Amino acid sequence: MAQEPGPPGASGGETPTGRTPATPAPVELSDLAALKALAQPRRQRMLQHLTLHGPATSATLARALGLNTGSTSYHLRELARYGFVEETEKEAGAETATAGEGTGVVAGDGETGAERAPGHGRERWWRAVPGDRRFPPRSRQSAEMRHVMDELNHHAYAADLELFEQLQRDSAETGAWADAFPYSRGTIRLTPSELRVFFEEYIALLNRYKRPEAETPADARTVLTRFFAFPVPLTDADADAESDAGAGACAGTGAEVALAHPADAAPGHNRKETEPS
């Protein structure tokens, strides 16, 4: 599972052929404190907003998410502490808070005084930090880490479903984008090692389509991509069949047989998309 936050327009509509994309090196998030910081529901919502809509101030996030600037400022600092967001320059045409809008907004500033950059008297704008962030495989997660990961995944998947349902409910799409909803459900029979290769090929394909904002066509839109693959749960009959096959293969050797189910195998990584590249 991995997180990939990135700015809007990171993907284009045509294959950027003839270009070798700069592929970020995978970074494993194994620090429990960092995972707890990321799993906090409000921080998940804030990171999603920065990913989908680009840089924002704490006041902008507060208005968009129905929070107060004191809360968003605190959560932004915690996300920055673990490298999930960072300060950035204000983008041309970016929204500036109007005097009196949002809780704790200073007139004409768009941020609380505490959220001005120290010594500069300017607004603090934040962006999601791109990267290929991966989580430890479940076999290497402690019981506490598994609990945190389950919470993180629950909120992330629920947010994805909410966005998709919102699009179906509220969208008045016309033209080419009205039909631009690729969708696939399938099954394939793979070994754990083959599934790892399959996943890395998917990531390589995703990175082929990523490009700088300056090279992105004007009619491009941010497109959410999600990869989710898991083995079919074993039935009792499947488990018995594997046990019999393993015993037959090792008959007479005196070796202890350990069943290697796909879910028990140690994959290279799990991956979750916070479109943290």
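1. A residue is called buried here when its relative accessible area is under 20%, exposed when over 50%, and partly exposed in between, with a 1.4 Å probe and protein chains only. By that criterion, 33% of the 277 residues of the protein count as buried.

2. The model is a predicted one, in which local features need pLDDT of at least 70 and side-chain atom pairs count only at pLDDT 80 or more, while totals for chains, interfaces and linings use all residues. Residues are numbered from 1 along each chain as its sequence is written, and side-chain values use heavy atoms, leaving out hydrogens and water.

3. The protein has seven helices and five strands, taken as DSSP runs numbered from the N terminus (H or I of at least four residues for helices, E of at least two for strands). Along the sequence they follow the pattern β-β-α-α-α-α-β-β-β-α-α-α.

4. Helix 3 and helix 4 pack with their axes 8 Å apart, at an angle of about 115°, where axes are lines fitted to C-alpha atoms, for helices over the stretch in contact, and angles run from 0 to 180 degrees between N-to-C directions. Their contact (heavy atoms within 4.5 Å) is made by Ser58, Ala59, Leu61 and Ala62 of helix 3 with Thr69, Thr72, Ser73 and Leu76 of helix 4.
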